[in-house]
Amino acid sequence: MASARILSEHGVAAAARDAVGRVRLDGRGKTGRRLAFFTAVAVATVAGSALMTDVLSGDGLTATEASIVILFTINFSWIAISFMTGLVGASLRLLGRDPISLSAIAQPARGRAPTTRTVVVMPIFNEDTARVFAGLRATWESVAATGHLAAFDFFVLSDTRDPDIWVEEELAWADHCRALGARGRLFYRRREHNEEGKPGNLMDFCRKWAGHYDHMVVLDADSIMAGTALVDLVLMMEDNPQAGLIQSAPAPTGRRTLFARILQFMSRVHGPTMATGLAFWQLEDGNYWGHNAIIRTQAFVECCHLPILSGRPPLGGSLLSHDFVEAALLRRAGWQVWLVPRIEGSWEDIPGDPIAYAVRDRRWCQGNLQHIRVLPGSGLKPISRLHLFMGVMSYLSSPLWFALLAMSSIAAFEQAHTAHAFFPSSQSLFPSWPVDRSQDMVVLLLVTLGMLVVPKLLSCAVLSLERDRPAAFGGRIRLWAGAIAEFVFSVLLAPVMMVLHTRFVATILMGRAVGWLPQRRDDSEISWGDAMRFHGAITALGLAWAGVAWWISPSFLVWISPVVAGLILSVPIARISSSTGAGEMARRWGLFLTPEEVSPPQELARLDELLKASPATRGGIMRLFSDPHASALHGALLPTGAPTLRISTEVTLIYEKARRLGPDTLTREEKAKLLSWPVRPLDQIRGPSTPGTATAPGRPDCAP
Amino acid sequence: MTLAEHTITISRTPARASADNPIPAIARAIAWRWAASFGVDSTAALERLEAAVTGLAYGKLAVQPGRVDFEQALDEAAYLTIAGWLEAVLGEPVAQSAQQLSAARLAFLAANADGSWSENFLVVHGGTAGLRAAMEATRVMATPPVVPRHIERQSL
């Protein structure tokens with residue numbers, strides 16, 4: 001290993017950077033790389049399929065067994081792609097090679113000032129206002145620290161429908177504008193009608209304001225990026241005029257539950273390996289993950305107004321998972337889409353418990369299955385179609401696995417209850433002995449498991465070999481202990497996700513849709529009741545399956561035990577892993593530590609400070625009734641135009657209700673209607689001031 | 001109330017206003033309400049607003065005698081008075097929409113955060129030379145100017 005060149009995460013300057021510090025994104029040997037990669041995938045798939053066929057066909061291949069082979073082959077190809085990607089990624093990391101140029105890793109020269117204009121946009125929808133603006137401000141301050149703030153604007157694009165959150169956003173925006181001196185640089189817009197969700201929100205922005213900017217960086221409500229990362233992305237876009245989009249690899253961080261800490265840990269250990277491997281074979285045919293990426297506005301405007309699928313949701317209508325399709329459309333038009341794993345300083349949040357994770361997956365599942373309709377689209381590049389296919393398979397593989405396991409159970413039953421024919425035909429002179437292929441089956445199982453586990457082990461090995469890096473994970477011993485614990489956890493969680501995804505796919509194919517719902521982004525624990533309600537049926541399935549397996553054959557139960565164990569234990573796993581106490585205990589033991597926990601970057605430390613300093617609430621709509629600043633701000637931010645007679649009438653009636661019963665009796669819909677117009681102060685709502693006059697809420701535009 | 005009764009009412013001083021002439025009391029309440037919404041706590045400014053509001057309201061009553069919603073009339077008078085004054089200060093319309101007036105109000109509230117412009121509120125001639133600049137500096141800029149683009153929807 002002494003001869004291996006292992007780089008720290010900060011890389012070194014090298015050949016991929018030219019004399020003035022430009023970084024060209026140029027993948028050499030694209031054809032050769034992909035030929036080698038996909039040949040390896042094909043060979044592995046064929047080998048796995050052949051082994052499975054050989055194992056099952058010892059006594060001849062029944063229809064059930066043939067089905068198993070087909071399902072296994074489809075799923076094994078999926079695993080083979082992931083395995084080869086991990087293998088390549090780990091190798092490149094070990095050798096210290098950039099996956100795109102295959103040279104040593106290079107960062108753009110940061111002393112250069114951007115010469116273009118970039119806007120950082122954050123589409124939000126009924127989010128935690130304090131978190132949104134704390135993250136945005138931490139990002140702003142980090143950009144300011146680079147000295148290149150003049151090249152950036154920031155834009156909050158709200159689709160919020162909750163009236164109190166709407167007001168909180170306006171007030172928070174004004175407060176942060178004032179605190180940062182960001183007037184004319186930090187913008188806020190709330191869309192009156194939120195058609196087509198997030199893609200519609202971004203397209204509305206593009207129609208009105210994209211003309212001011214060369215690039216836009218899209219952040220999610222829980223995203224945060226370092227100023228250096230943003231500047232690097234801008235410089236790369238300037239250096240590569242054919243690039244339509246450059247995606248960073250965001251690291252999940254910030255959660256304290258055991259579930260989230262395990263995911264954060266493995267993402268930090270293994271994520272860079274997979275991102276490196278992906279960048280190796282994708283090159284300019286990369287994918288878009290929806291946020292923490294920079295996009296050339298001209299390219300986005302020309303190519304990315306998404307089609308509406310014919311038919312109704314869930315498989316028709318607006319595209320929920322817009323990012324993959326936008327990347328495919330960019331490629332179709334000839335723009336390059338790059339994944340650059342070495343951009344450091346890009347973070348996101350993840351759900352804090354298995355139920356929130358599953359709720360998010362439900363939406364992603366529907367969005368990805370819609371891509372079945374996009375796959376045959378004209379003009380799409382082959383790798384773009386592969387990305388869409390992989391997105392579909394990330395959920396469709398679960399029912400295939402479920403069917404595979406069910407078929408295996410049936411096959412085991414058939415084998416256990418069918419007497420072996422020693423003389424299969426009356427003409428045979430010699431007996432046909434039963435062939436015991438159980439050892440071959442174990443080998444196949446171990447190979448499959450190995451392909452899932454080996455890339456993760458390699459990631460740990462790569463980190464262990466770096467001199468200083470393991471300390472960021474608590475040291476080498478804790479790194480490996482965490483990896484083993486994560487493996488056990490993921491073995492238990494995988495069958496639960498398999499059943500959930502199978503249910504999602506089934507309900508979607510039966511026509512049940514979900515829309516855009518705000519994601520739960522806090523660390524609140526799941527109660528035992530909620531865990532039972534969500535996982536009770538899964539537990540029952542596990543118990544029933546275990547019982548049937550035992551009845552079939554005790555050895556079959558042993559074989560299927562990793563699957564049924566996860567199902568049976570799903571309730572306590574969900575409950576315990578959602579606990580911040582369990583997460584804190586693991587942290588005290590030094591398990592699942594990440595670099596962000598061991599040595600928090602400036603941006604994340606600042607985020608924590610800002611969150612602690614943020615008020616719990618700024619008062620919501622009630623503040624507008626009593627604070628002239630707040631009510632004037634709200635009025636100033638409304639779209640211009642006069643109310644219709646209907647709106648005027650409805651608002652008048654709502655004010656009358658507020659006058660008689662108090663503003664705290666207003667419903668959410670009534671509050672939203674009031675907010676469509678400048679809000680009257682409380683003392684005016686409580687009028688009239690003299691007897692004999694009619695109730696006089698007055699014209700809405702008279703409201704001071 | 002008949003026009004004759006209005007005329008009698010106008011000749012009375014506000015101090016002697018009685019229950020049968022509700023206008024002075026309502027005018028004071030409305031003037032106070034509007035002044036508070038602009039962060040103005042000056043007695044002189046309040047009296048200017050009250051006088052302007054009352055005068056406009058009586059003028060309206062003179063041309064529209066009969067049963068009138070006093071509060072609404074005084075409210076509209078306050079709105080017209082203040083909007084007109086702001087238009088004179090800023091040199092641009094502020095009454096074409098509620099959003100415009102709210103934006104102007106917000107700018108005035110920010111410029112008058114320390115109360116330094118309260119005494120000059122509704123002063124028509126002079127006294128507001130620096131107010132326009134102060135309001136321009138604090139005017140809310142929620143979004144940049146629109147650069148409209150037509151974007152074609154893609155097809156598959």
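**Exercise 1.** Describe how helix 3 (residues 129–146) of chain A and helix 6 (residues 227–239) of chain A pack in this predicted model.

Solution. 
- Step 1. The axes of helix 3 and helix 6 of chain A lie 7 Å apart, at an angle of about 65°.
- Step 2. Angles of 65 to 115 degrees count as roughly perpendicular, so helix 3 of chain A is roughly perpendicular to helix 6 of chain A.
- Step 3. Helix 3 of chain A contributes Ser142(A), Val143(A), Ala145(A) and Thr146(A) to the contact, while helix 6 of chain A contributes Gly227(A), Thr228(A), Leu230(A) and Val231(A).
- Step 4. Sorted by class, this contact holds 4 nonpolar and 4 polar residues, and no charged ones.

**Exercise 2.** State the secondary structure of chain B and what share of its residues is buried.

Solution. 
- Step 1. Chain B has 6 helices and 0 strands, which gives the pattern α-α-α-α-α-α along the sequence.
- Step 2. Chain B has 156 residues, and 38% of them count as buried.
- Step 3. Among the contacts in chain B with a separation of 6 or more, 61% join residues 24 or more positions apart.

**Exercise 3.** Which elements of chain A give two or more residues to the side that touches chain B?

Solution. 
- Step 1. The contact takes 50 residues from chain A and 39 residues from chain B.
- Step 2. The elements of chain A are strand 3 (186–190), helix 5 (197–209), helix 8 (297–303), helix 21 (628–637) and helix 24 (682–685).
- Step 3. Helix 21 of chain A supplies the largest share of that side, 7 residues.
- Step 4. By class, the side of chain A that touches chain B has 28 nonpolar, 16 polar and 6 charged residues.

Conventions:
Residues numbered from 1 in each chain as written. Chains lettered and ligands numbered in written order. Predicted model: local features only at pLDDT ≥ 70, side-chain atom pairs only at ≥ 80, totals over all residues. Axes fitted to C-alpha atoms, helices over the stretch in contact; angles between N-to-C directions. Helix = DSSP H or I, 4+ residues; strand = E, 2+ residues; numbered from the N terminus. Parallel < 35°, antiparallel > 145°, perpendicular 65-115°, else oblique. Contact = placed C-beta atoms within 7 Å. Nonpolar A, V, L, I, M, F, W, Y, C, P; charged D, E, K, R; others polar. Buried ≥ 20, exposed ≤ 12 C-beta atoms within 10 Å, placed from the backbone.
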